[in-house]
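This report describes selected features of one structural model.

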Amino acid sequence: MSLSRWWTETTAALGDHLPLPLAALLLLLTAGLAALGWYHHPAWVPRRLPRLRLRLPRRRRSRPPRVRRRRGTGPATAGAPVPAPDAAPADAGPLADRLAAQGRYAEAVRERLRGMLGELVARRVVEQRPGMTVAELTAAATARRPPVGPPLAAAAGIFSDLWYAQRPAAAEHDHRMRELAADLHLVLTAPAPRGGERA
């Protein structure tokens, strides 16, 4: 059977059960819904459903790496590369304040996270290595100094929600990041208990 004959018979059989204008309308509606879902992904994906990720072999590149999703971690840290602490911790605050004053809250959040990471590196809680992810950094910092874990994990979650889940940034996010940066600074400046910091 030729392809043109098959197409004609299939179209005729479909036309017997469903009017062709209605079939075309349903096809266009399905394509439109698929396009909307594709455009707004991943914001419409529920936070509690696991995401399927294919792991392909990677070549070494100079771009920042992405966080691999692990069991027991929330979606907030998935896919979030560590922003490099370009500036010293003292320089991150004024730049983040200027960005927040301009209404660029997502960028202000990123700068505050950079400042927090820079402070961790400056105080030698963690050693900066290329390819280190937010989840690995949090785990390494928590292993060396457990009290830094909660503010650092919460900050990484806010950063990931804004930059990778593409949720809209608001002044509350910047305010919360400012509080978390202050909490982290207090933890780092407080004297560590005798058994609290591991070598």
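## Helix α7

Buried here means under 20% relative accessible area, exposed over 50% and partly exposed in between, with a 1.4 Å probe and protein chains only.

From its first C-alpha to its last, α7 reaches 27 Å with 19 residues, close to the 27 Å expected at 1.5 Å a residue. The expected span is 1.5 Å times one less than the number of residues in the helix. Helices (H or I, at least four residues) and strands (E, at least two) are DSSP runs, numbered from the N terminus.

## Basis of the model

The model is predicted: local features need pLDDT of at least 70, side-chain atom pairs count only at pLDDT 80 or more, and totals for chains, interfaces and linings use all residues. Residues are numbered from 1 along each chain as its sequence is written, and side-chain values use heavy atoms, with hydrogens and water left out.

## The largest nonpolar core

The largest nonpolar core has 20 residues, and those with the most contacts inside it are Met116, Leu120, Leu137, Ala141, Leu152 and Met177. Such a core is a set of buried Ala, Val, Leu, Ile, Met, Phe, Trp, Tyr and Cys residues joined through side-chain atoms within 4.5 Å. Two or more residues each come from α4 (105–122), α5 (134–144), α6 (149–163) and α7 (171–189).

Apart from neighbours within four places in sequence, Met116 is in contact (heavy atoms within 4.5 Å) with Pro151, Leu152, Ala155, Met177, Leu180, Ala181 and Leu184.

Thr138 lies in helix α5 and counts as buried, at 13% relative accessibility. Not counting residues up to four places away in sequence, Thr138 touches Gly149, Leu152 and Ala153.

Thr142 is also found in α5, but is partly exposed, with a relative accessible area of 27%. Its side chain reaches the backbone oxygen of Thr138 at 2.7 Å. This is a polar contact, defined as a pair of N or O atoms within 3.5 Å; within protein, one must be able to donate a hydrogen and the other to accept it, and residues adjacent in sequence count only if both atoms are side-chain atoms. Leaving aside neighbours within four places in sequence, Thr142 is in contact with Val148 and Gly149. The C-alpha atoms of Thr142 and Leu152, ten residues apart along the chain, are separated by 8.8 Å.

## Exposed elements and aromatic pairs

Helix α2 (residues 20–40) has 21 residues and spans 30 Å between its first and last C-alpha, close to the 30 Å expected at 1.5 Å a residue. Of these 21 residues, the number buried is two, so α2 lies largely in the open. Arg124, in the loop between α4 and α5, counts as exposed at 67% relative accessibility. Its phi is near 60 degrees, a positive value in a residue other than glycine.

The structure holds two aromatic pairs. In one of them, the rings of Trp6 and Trp7 have centres 6.4 Å apart and planes at 50 degrees, so the pair is tilted. Rings of Phe, Tyr and Trp (its six-membered ring) pair if their centres lie within 6.5 Å; planes under 30 degrees apart count as stacked, over 60 as edge-to-face and the rest as tilted. Trp6 is partly exposed at 42% relative accessibility, whereas Trp7 is exposed at 54%.
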